[in-house]
Amino acid sequence: MSWINLSALWKIVVFGLIAGAGLPALFAGGLYTLSWGPRTGRVATAGADGGDESDVLVGGNVLGMVLAAIAFLIVLAAIGWGIYEVYQIGHPPVKK
Amino acid sequence: MLVLVVITALCFDFTNGFHDTGNAMATSIATGALGPRTAVAISGVLNFVGAFLSLAVAATIANGLVDTKVVTLTVVAAGLAGGIIWNLVTWLFGIPSSSSHALIGGVIGSVIAASGGSAVLWHGLVSKVILPAVFSPIIAALVAATGTYLLYRISRSMTEGARKHGFRIGQIGSACMVSLAHGTNDAQKTMGVITLALIANGTLAAKSNAPIWVIVCCALAISAGTYIGGWRVIRTLGKGLVEIESPQGMAAESASAAIILLSSSFGYSLSTTHVATGSIIGTGLGKRGAEVRWNVAGRMATAWVFTLPSAALVGAGAEALAHGIGGTLGVVVDLILLAVLAGFIYYRSRGSKVDPNNVNAEWTGTVTPEPAETVAA
């Protein structure tokens, strides 16, 4: 009988970092590549007043969009898988 | 008698819901990613769904903390009274304290009053409740700080407007995950207590799982409470601790969701509140130049330390009273007292209202915002 379940603790830290910081980082990466291209207003209005106010997300670069789509899909898949896992663990097969 | 206890438990679940809306939605409301009313509505629905997702925590509460042999319905009712009172008092002050600790404290207090300290499973209490309470905010802060750092680093060459827009979307997604996680963790607690009551009544065998009607009622109660929205707590979390931008909001919510879901699946009944607060502080640490209002954080931490013992005291008092009067009447007297107190606290709260309209007002050092227009103050 130990007071601290160390194996659970480090699992929570490691998976917590992967899911809690890694996934949002991936999402940020997706947003970043999505903004590649001419349409975000970065280039066109650079230096001009209010250039940073543009909230257009899609830059128009095809490679950027594909990379972003992959990143977003991975994030969604990870969330789906995570919920499925929680459901599995939370509903152990009934033993009578 | 059983009916009374179940109703009290559902009332607790309701206070739990509105006390904890802030954990999921405070940052989204603060950054404007979601309108206040939309936010609480979404959160309510997802709490409902989350309640069905996992039952691990309910099992811990029902079987892991006290000796089920000594638990009577009176004990459960007294414990719930302790939890509800503490929840309402902290809500009045806008302090996001842990509903879980309030509940667990109340139950433990009434068990001790009823049959002494030996009936409490101290090992379960320390290893499944107290230690996670110490570790979880620290881990949450670490994860959120890492996330915040990464998000700002990756997005630094994006335009300010695009960044805000993009992360708002991410923030909504991650806030939804927190609501879901809250359902899997917090709705469970009340299920655990009702299960405990059913075991005490002999309706269920010891070590049983929560029956389906219990799950449905708890899910409904918590989502109703969530929808009402604890605006005071939302305000403290969203505005009081750290001034939050949307990337920070997303980092905080993701960290909270990940940790709550992970811990729930290990059966740790940790406090959503502690995790969310830790995460929000973490985002303040992870962004250069952001300021954490440590005095607000310190006040919360103090409240956390007192939550278990205070709720235990109220629980013990309620148990002693109910026992002194005896039988169903004792419980009824307890509940009437509870209702009177709750009414009083509600009445007090009217004097300094925090609602969807002023929840985001500039932080001036107190929960109650400066009145925008003085209409019959």
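1. Start with Val76(B). This residue lies in helix H4 of chain B, residues 73-92. Leaving aside residues up to four places away in sequence, Val76(B) touches Val5(B), Val71(B), Val193(B), Leu196(B), Ala197(B) and Ala200(B). Cys217(B) is another matter. Val76(B) and Cys217(B) are 141 residues apart along the chain, and their C-alpha atoms are separated by 18 Å.

2. Now Leu313(B). Its place is in helix H12 of chain B, residues 294-325. From Leu313(B) to Gly82(B) the sequence separation is 231 residues, yet the C-alpha to C-alpha distance is 7.4 Å.

3. Next, a helix pair in chain B. H2(B), residues 36-51, packs with H8(B), residues 212-228. The angle is about 165°, and the axes are 8 Å apart. An angle over 145 degrees counts as roughly antiparallel, so H2(B) and H8(B) fall in that class. Their crossing is right-handed. H2(B) brings Val40(B), Ala41(B), Ser43(B), Gly44(B), Val45(B), Asn47(B), Phe48(B) and Ala51(B) to the contact. Facing them in H8(B) are residues including Ile215(B), Cys218(B), Leu220(B) and Tyr227(B). By class, this contact has 11 nonpolar, five polar and no charged residues.

4. A second pair deserves a check. The axes of H10(B) and H11(B), residues 272-286, come within 8 Å. They cross at roughly 145°. This crossing is right-handed. From H10(B) the contact takes Gln248(B), Ala251(B), Ala252(B), Ala255(B), Ser256(B), Ile259(B) and Ile260(B). On the H11(B) side, Thr272(B), Val275(B), Ser279(B), Gly282(B) and Gly286(B) are among the residues involved. The classes here are eight nonpolar, seven polar and no charged residues.

5. The interface between the chains. How many residues of chain B are in contact with chain A? The count is 41, and they meet 39 residues of chain A. Three elements of chain B give two or more residues to this side: H6(B) (122-154), H7(B) (160-201) and H10(B) (246-265). H6(B) supplies the largest share, 12 residues. On the chain B side, the residues divide into 22 nonpolar, 17 polar and two charged.

6. Chain A itself. Chain A has two helices and zero strands. Of its 96 residues, 31% are buried. Among its contacts with a separation of 6 or more, 55% join residues 24 or more positions apart.

7. Confidence. The model scores ipTM 0.76 and pTM 0.79. Chain B has a mean pLDDT of 79, and 89% of its residues reach 70 or more. Where is confidence lowest in chain B, and where highest? The lowest mean, 68, belongs to H3(B), residues 56-63, and the highest, 86, to H11(B). Over residues 371-377 of chain B, the pLDDT is below 50. Beyond near neighbours in sequence, that stretch has two contacts in the model. Where pLDDT is low, predicted coordinates should not be read in detail.

Methods:
Residues numbered from 1 in each chain as written. Chains lettered and ligands numbered in written order. Predicted model: local features only at pLDDT ≥ 70, side-chain atom pairs only at ≥ 80, totals over all residues. Contact = placed C-beta atoms within 7 Å. Helix = DSSP H or I, 4+ residues; strand = E, 2+ residues; numbered from the N terminus. Nonpolar A, V, L, I, M, F, W, Y, C, P; charged D, E, K, R; others polar. Axes fitted to C-alpha atoms, helices over the stretch in contact; angles between N-to-C directions. Left-handed = near helix turned anticlockwise from the far one by under 90°. Parallel < 35°, antiparallel > 145°, perpendicular 65-115°, else oblique. pLDDT = per-residue confidence, 0-100. Buried ≥ 20, exposed ≤ 12 C-beta atoms within 10 Å, placed from the backbone.
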